[in-house]
Amino acid sequence: MNDSNDIIERVRHLSSAIDQALKAGDTDTALALMETGQHDMSKSLRGQREIDDLIRRTLFSHLDAARRSTDHTAESRLLTTATDILGPKENWLPQLKQYFMEDRARLVVVLTWQCETRCTYCTIPKQDGREMDAHTLDSAIELLMSSGREKLELRFFGGEPMMAWEQIQYGIEKAQSACQGRDIQFMITTNGYALTPERVAWLGQHPVQLQIALDGLPEAHNVHRKSVVPGEQSYEHSAIDKAAVLHEHGVSHEIIHVVHPARINEFVDDFEHIVDQGFERIQINWAHNVIWHEKHLQAFADGLHKLGDLLRKRWAKGESIWLVNLGETLLKIRTFREITVDHDGQIYANNAFLYRPSSASDLCLGHLDEGHNWWRYRLDGADGEALKKLSFAAPVAENNARVGTVFSSWIRWMQSQGLPDF
Ligand code: SF4
């Protein structure tokens, strides 16, 4: 048995003993076991990560099971035990609610800060030398595995993550072997520049979903998603002509159509162009972190009604085009807590540190070398409103909330008219 498996076995053993003690309401034994375990595991980072926060995680997992089985006696006994160990309920109930909400444990890794394009609406500083090495990626994968969830997701982000293609292949294969039969999936957010047919074929053999950014017509791409190479037409290097090869290899994908004020009068034409190239699942990401003036808001509202007509005509013809936003929970501004590991192993509450350096230190949750468990980063620290404040400057957040209101009210209207069931 290698060291890694040995650690897992020891943690399993300890976990089961703590389980029994907690079920019996024997908090003294549970805490004593935990103390011995911490001492035992302290010499290895892997061991520290596996044992970190074990009592809270075990209690939450039992409470989750009791809630699902509606075993009120067990639930009430566990609540008492949790209060004995974790303190007053108000200190941990918000975290417990978060724990209940998680189905799939997710982790984002920023493989590189470099990119082949310079989108006019992107404020991520592009820099050479900010690339994740194999050791950091290994440690990030260990962090995701430590969640103990049966369902897992590793997301590759940047910059442009496909520029680090070897790391993507390495990360996918490593995580698949480390998850020991659990349900793992991968997501790559890409501009499609480096999506060759050979790479699509390789991705088709793995549980990967692609989020591919496209802006639409050539003039949208070439002007707003500029290539870093002077004179190069970014449209020609985009994934606009790759629907067939993605279908051929069965690679799950959706298009991120960035809608921003500079193309607001043409965004429905851009959308239709994407659809006409054979893409069926499209998500509109209206540009955050830029100011939308009154005329842009009005043009957005007008365009959305045109888009509604376009979708209904296409649906009537039997086309399975799906606008992903129509099925989502309505939020004015999207600020998710999504544990994100930067190239150097720093861990953040979301990816806003990439485009808002002034908030980076407040968004920072720690470093991989600290040996904490995935749940520590998921449950503790800023969430919701606090995260929104850190992710957007106040005037921009207020302005962007108005764009969100226009979009949400259109989605509600579309829903009220009935939607196809693809
Ligand atoms: S492709 Fe992505 S990372 Fe690159 S410039 Fe555009 S938005 Fe920024």
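Helices (H or I, at least four residues) and strands (E, at least two) are DSSP runs, numbered from the N terminus. The views below come from a predicted model, in which local features need pLDDT of at least 70, side-chain atom pairs count only at pLDDT 80 or more, and totals for chains, interfaces and linings use all residues. Residues are numbered from 1 along each chain as its sequence is written.

**View 1. Gln 180 in the loop between H8 and strand S4 (183-190).** Phi of Gln 180 is near 50 degrees, which is a positive value in a residue other than glycine.

**View 2. Asn 289 in the loop between strand S8 (281-286) and H14.** Asn 289 also has a positive phi in a residue other than glycine, near 70 degrees.

**View 3. The cis peptide bond joining Gly 158 and Gly 159.** Omega is about 20 degrees at this bond. Gly 159 belongs to the loop between strand S3 (151-157) and H8.

**View 4. Packing of helix H13 (residues 267-276) with helix H14 (residues 294-316).** The helix axes are 9 Å apart and form an angle of about 30 degrees (axes are lines fitted to C-alpha atoms, for helices over the stretch in contact, and angles run from 0 to 180 degrees between N-to-C directions). H13 is therefore roughly parallel to H14 (angles under 35 degrees count as roughly parallel, over 145 as roughly antiparallel, 65 to 115 as roughly perpendicular and the rest as oblique). Residues of H13 that meet H14 include Phe 267, Phe 271 and Val 275, and their partners in H14 include Phe 300, Leu 304 and Leu 307. By class, this contact of H13 with H14 has 10 nonpolar, 1 polar and 5 charged residues (Ala, Val, Leu, Ile, Met, Phe, Trp, Tyr, Cys and Pro count as nonpolar, Asp, Glu, Lys and Arg as charged, and the others, Gly among them, as polar).

**View 5. Domain 1 (3-101) and domain 2 (109-416) of the chain.** Domain bounds come from an automatic or database domain assignment. The C-alpha centres of domain 1 and domain 2 lie 35 Å apart. Their contact (heavy atoms within 4.5 Å) takes 15 residues from domain 1 and 18 residues from domain 2.

**View 6. Residues from both domains in the lining of the second largest pocket.** Domain 1 and domain 2 each give at least three residues to this lining. Helices that each supply at least two lining residues include H1 (3-23), H4 (54-69) and H8 (165-178). The lining of the second largest pocket has 10 nonpolar, 13 polar and 13 charged residues by class.

Methods: Heavy atoms only, no water.
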